[in-house]
Amino acid sequence: QEAFQFAVYLANKTGEEYGLQFKAGTETPFRHNSGPFKAKLAACSLIEQQALVIFGPKHPDDINIVQSICDYKDIAHVINRWVYNPSEHRSIINFYPHSSYLSEAYFAILKMSDWKSFTLFYEDNESLLRMGDVLNQAKDEGIVVVVKQLDEVGDGIYRTTLKDALRSGEKNYVIDCSIEILEEVLRQAQQVGLLTSHYNHFITNLDLQTIESEPFQYSEANITGLRIVDPNNEFTHMKIQGIIGFNKYFDETKLKTEAALLIDSVAVLTEVITTKLSVQDMAIDDAGCDSLKSSRNGYTISNHVKTMKNYGMTGIIEFDGNGFRSNFDLDVIALKESGFNKLGTWNSSKGLAIIGEKPKELGEETVSLRNKTFKVVTALTAPYTMLKETRDQLFGNDRYEGFAIDIIEELAKIEGFNYTFEVGGTTGAKDKGTGKWTGMLGQIIDGTADLAITDLTITAEREEAVDFTSPFMDLGIQILAQKPKNAPPSFFSFADPFALDTWMMLALAYVIVSLSFFIMGRLCQEEWTNPYPCIEEPEFLVNQFSLQNSGWFAAGALMQQGTEIAPIAVSTRMVTGMWWFFVLIMVSSYTANLAAFLATENPIELFTDVYSLVDNMEKNNLRMGAKAKGATEGFFKGKNDSVFKTVAKYMQTHPKDMVTENKDGVKLAEDFNNYAFFMESTSIEYEIQRHCSLQQYGKLLDDKGYGIAMKKNSTYRKTLSMAILKLQTTGVLADLKRKWWEEKRGGGQCNAESDDGGTPPLGVQNVEGVFYVTIGGTILAVFLVIAELLLSTYKISKRAKVSFKEALGVEMRALLDFNSDVKPTVRDKSKSGSKSSKGTGTSNNNLLTPAPQYGFIPTITREELKD
């Protein structure tokens, strides 16, 4: 619906030049499976609104009834979906590729993959009809096919069928189903173990690229498909931007074939109506299904459309003599770790052509390489070509091993040719003065070598000098740098389980509850108690909830230690219960998060991608580099982006950060945590398998591939490219990459370390804040007790009318007497003087009240009885 509204919007912009205005039908005529009768009523309603063209319906059961009405009323009828053997009505126009052409494209992919057998998963009867021609062709070619319906019961569970296919041992699968269930089918296939590098899947749905591919793109699944909408096409991209401008919520990654065909068909019909018809021809008098009159424009419009050649979001729009869409292009796409990548194209008249190849002309055959011998030059670059590690002396091809060596060996098995390896020098570069190429590319041009294979990037400049096969590896530029260092634990790391606002609210709750205890304790009569239980009618009552006791009681509950204070009144007990419940939840939440927060280490990321690298370059004193005079440095120099220009300028002004070999850049990145090395993603993947302190940053900055170089216009380029494509679709290349990246020559050791799931023990630095808080609280308590001692001594000296020094001396002598647990009190000096004449006569002792001998019970002396 959104696509149709946008298409009508564009049609009206075109119609303004001709004084015409286009209007979409006021009904929403065709719902999914609404029934032929409702479709008939909707079509008649649109004709009554003087419709020139009717689009749809979507459901196949409704198409015939609408087509009959359009034929009767001579209304142009446009459909944008697959139809099996459509009848040749004069007014019908189907922009969807014809079924016979699609079957040719499907079978071309199967032939390219060299499948000897496969299992077909189909959804319903229409799906089985769509694959009928493919099944017949497979039978003629001797290909063994097993046909299974995905969901016979209709409950959306496909695992039973998928498990049966898995147990059969078949490795190749074709899936034909609607886009609505495709993602779920793939998800359940992944659950049963069918989406691995050992199985090959071909998806016939042209909307394959619109599914969420991230759950599958890292499982090394071999998924191949077709698309008619190329989002990278300039014209398509421009249209998509127009849709986004029309509807800002439009997701360009979800543009389906039906919507793109609808936009194209409206555009083509708009051009016909505005340029081929007059206003008088468009008028329809007394329109309606019950009327005998017709528009007399349906055949005219359809004939004009079928004889025109247009270009739209779905590529070339051209019809054959029967009115079927022909001469269209389909992209062959495959799922990689970066998403769906284009492998090649299929044209209805030229057949299959992979990237880097000219479209195959009809009747052209690939050149046989059987029993031919090629001289292959390579470079000693890990892991592509390396010398074998052995004590025995080796000769010839036996001296070398690696990813590139294995690729040539696999190609030789497929095509039956012989080969001899020779280690060359550098990849080669073009001399600006002489125009000649050096290195391995120079050997290819001079004819001293037939093939060159290493980490050889396909570039426009190199393609002018030599030919390349289709890429055997897709890659791009990424950043290699040290893993982020872990931030030192915070001094108050024990407080991390709660955010600052939570701690503030907790403190506020403590204060409010403490004040509530104090106020409510004074208001409640039951909290005022008799201090002397033996006296029935005391002269005064006391309240345990003083301001200090209230705070202490709340703190005791918060620390889950309790106090000797117990509330008496119902109201204070209610507040106490609520406070205890609050403390229970808060302490439990804190305890649950504390272990995780203390064990978690937060990395300090100096940058995350090339943009943050440039932004933080001065702030974090970051350095960057690449291989001097290499393709990576040239990439940055050739870009107009301000960030890339900054990187290129830095490389030019800091030659010490540039290296001659990638291994030197890896060493710098390993030695300095502020050094970022730009390198091709595949090489980074290789290095981080062996240098566990390093990791890759950011997304791919470009998209390119490694290919096998050969002399210009070589006759065997097509054959080798097809063979490489077979290695891709059968998962051989993925297996070889895993072998040399993760298994051989020290690979996989970092994965082994990362699999260690043990929790590291907590160090002192993780909990040092708790120790310091405890020590700080103890020191603060010491100062408080000293201050309290001095203040109380001062009060005693005033009350006893003695000097502060004398009172402090008495207090200190009593405190330092560790043999006694009682302390005498200081008496009034004047009273002690009156007693001294009757006592012992020792003045110092007269300042003290005699200490009790048993606890705090005073003794009565003889002198006191005489008094």
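Let's start with Cys-44. Cys-44 is buried, at 7% relative accessible area. Buried here means under 20% relative accessible area, exposed means over 50%, and partly exposed lies in between, using a 1.4 Å probe and protein chains only.

A word on the source. This is a predicted model, where local features need pLDDT of at least 70, side-chain atom pairs count only at pLDDT 80 or more, and totals for chains, interfaces and linings use all residues. Residues are numbered from 1 along each chain as its sequence is written, and side-chain values use heavy atoms, leaving out hydrogens and water.

Now, which partner does Cys-44 have? A disulfide joins Cys-44 to Cys-289, S to S 1.9 Å. The rule is a pair of cysteine sulfur atoms within 2.5 Å. The pair links distant parts of the chain, 245 residues apart. Cys-44 sits in helix α2, residues 36-48. Cys-289 sits in the loop between α12 (279-282) and α13 (298-307). Helices are DSSP runs of H or I, at least four residues, numbered from the N terminus.

Is this disulfide left-handed or right-handed? The torsion about the S-S bond is about -105°, so the disulfide is left-handed. Cys-289 is buried too, at 19%.

What about Cys-70? Cys-70 is buried, at 0% relative accessibility. Cys-177 counts as buried at 3%.

Last stop, helix α17. Its buried residues include Leu-506, Val-513 and Phe-517.

Conventions:
Helix = DSSP H or I, 4+ residues; strand = E, 2+ residues; numbered from the N terminus.
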